[in-house]
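Hi,

Here is the structure I promised to pass on. Have a look at it first, and then read on for what turned up.

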Amino acid sequence: MKSVKNGRDGRTRIIEGALRRFSQDGVSATTLASLREESGVSVGSFYHHFASKEHVFGVLYAEILTAYQSSFLAELVRHGEARAGIEAVVAFHMRWAGEHPERARLLISERPPRKHEPGGAEVAEERRTFFRQVSDWWRPHMKNGLLQPVHATMCYVLWLGPAQEMCRLWFAGAHTPTEEEIQGLGEAAWQSLRQRPE
């Protein structure tokens with residue numbers, strides 16, 4: 001049932017309100033009452049759509065992660081060359097964070113739901129699919145001696161770790177990255193991930 005007030009259904013309003021509250025206050029500091037107040041829904045409407053605050057977070061996190069990973073892969077597969085792909089994804093990551101600061105803040109600062117928690121199974125499955133698709137792009141470059149044979153976790157840390165840290169500073173209001181700095185992050189990622197001749 002859509003709200004006459006604004007045309008958006010209760011579930012959408014809860015998700016939108018949760019994004020604002022979680023990104024501003026953090027999940028642990030956000031109360032169920034503040035979620036209902038932010039979204040403007042009744043207790044009955046809230047429990048019609050979600051079982052708990054954690055349920056809202058799990059669904060929201062999974063939706064954000066899916067959107068981010070889909071855009072990541074779309075950017076990655078546009079580049080046939082190893083260096084171009086590595087550097088383009090760093091630039092994409094920073095651009096996406098700037099365009100979606102609330103969503104990016106949630107992905108960066110909050111622990112993902114575990115498998116037994118609401119949304120956890122979906123997040124785990126999305127990650128498996130995502131890493132498999134990234135590996136499909138990576139493998140030929142690795143075999144050609146251009147990219148290192150690194151585990152998925154290490155790959156992520158070397159590829160986007162510095163960019164994530166820059167985003168944290170950015171969201172904290174400590175520093176706004178320049179285009180030159182973003183380019184430097186891409187170059188650093190390439191230097192970290194490329195194979196070097198023995």
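**What turned up**

Of the contacts in the protein chain with a separation of 6 or more, 69% are between residues 24 or more positions apart. Keep in mind that this is a predicted model.

First, the overall picture. The protein chain has 9 helices and 0 strands, so if you read the elements from the N terminus on, you get α-α-α-α-α-α-α-α-α. Its C-alpha atoms fill a box of roughly 65 × 35 × 30 Å along the principal axes. There are 198 residues in the protein chain, and 40% of them count as buried.

How many disulfides does the structure hold? The count is 0. Cys155 is in no disulfide, and the nearest cysteine sulfur, the one in Cys167, is 17 Å away. A disulfide is a covalent bond between the sulfur atoms of two cysteines. For a pair to count here, the two sulfur atoms have to be within 2.5 Å, so at 17 Å from the sulfur of Cys155, its closest cysteine sulfur, the sulfur of Cys167 is too far away for a bond. Are these two cysteines buried or exposed? Cys155 counts as buried at 9% relative accessibility, and Cys167 is buried too, with a relative accessible area of 0%.

Now for the surface. Met154, Tyr156 and Val157 make a nonpolar patch of about 270 Å² there. Val157 belongs to helix α8, which covers residues 152–171. With a relative accessible area of 41%, Val157 is partly exposed; patch residues need over 30%, so Val157 clears that cut-off.

Last, a tryptophan. Trp96 sits in helix α5, residues 82–99, and counts as buried because its relative accessibility is 7%, where the cut-off for buried is under 20%. Which residues does Trp96 touch, leaving aside those up to four places away in sequence? They are Ile64, Tyr68, Arg103, Ala104 and Leu107. Pro140 is 44 residues from Trp96 along the chain, and the C-alpha atoms of Trp96 and Pro140 are separated by 27 Å.

Cheers

Technical notes
Residues numbered from 1 in each chain as written. Predicted model: local features only at pLDDT ≥ 70, side-chain atom pairs only at ≥ 80, totals over all residues. Heavy atoms only, no water. Patch = residues over 30% accessible without salt bridge, like charges linked within 9 Å, V, L, I, M, F, W, Y side chains within 5 Å. Areas by Shrake-Rupley, 256 points an atom, 1.4 Å probe, with all protein chains shown as cover. Salt bridge = Lys/Arg side-chain N within 4 Å of Asp/Glu carboxyl O. Helix = DSSP H or I, 4+ residues; strand = E, 2+ residues; numbered from the N terminus. Buried < 20%, exposed > 50% of the residue type's maximum accessible area, 1.4 Å probe, protein only. Contact = heavy atoms within 4.5 Å.
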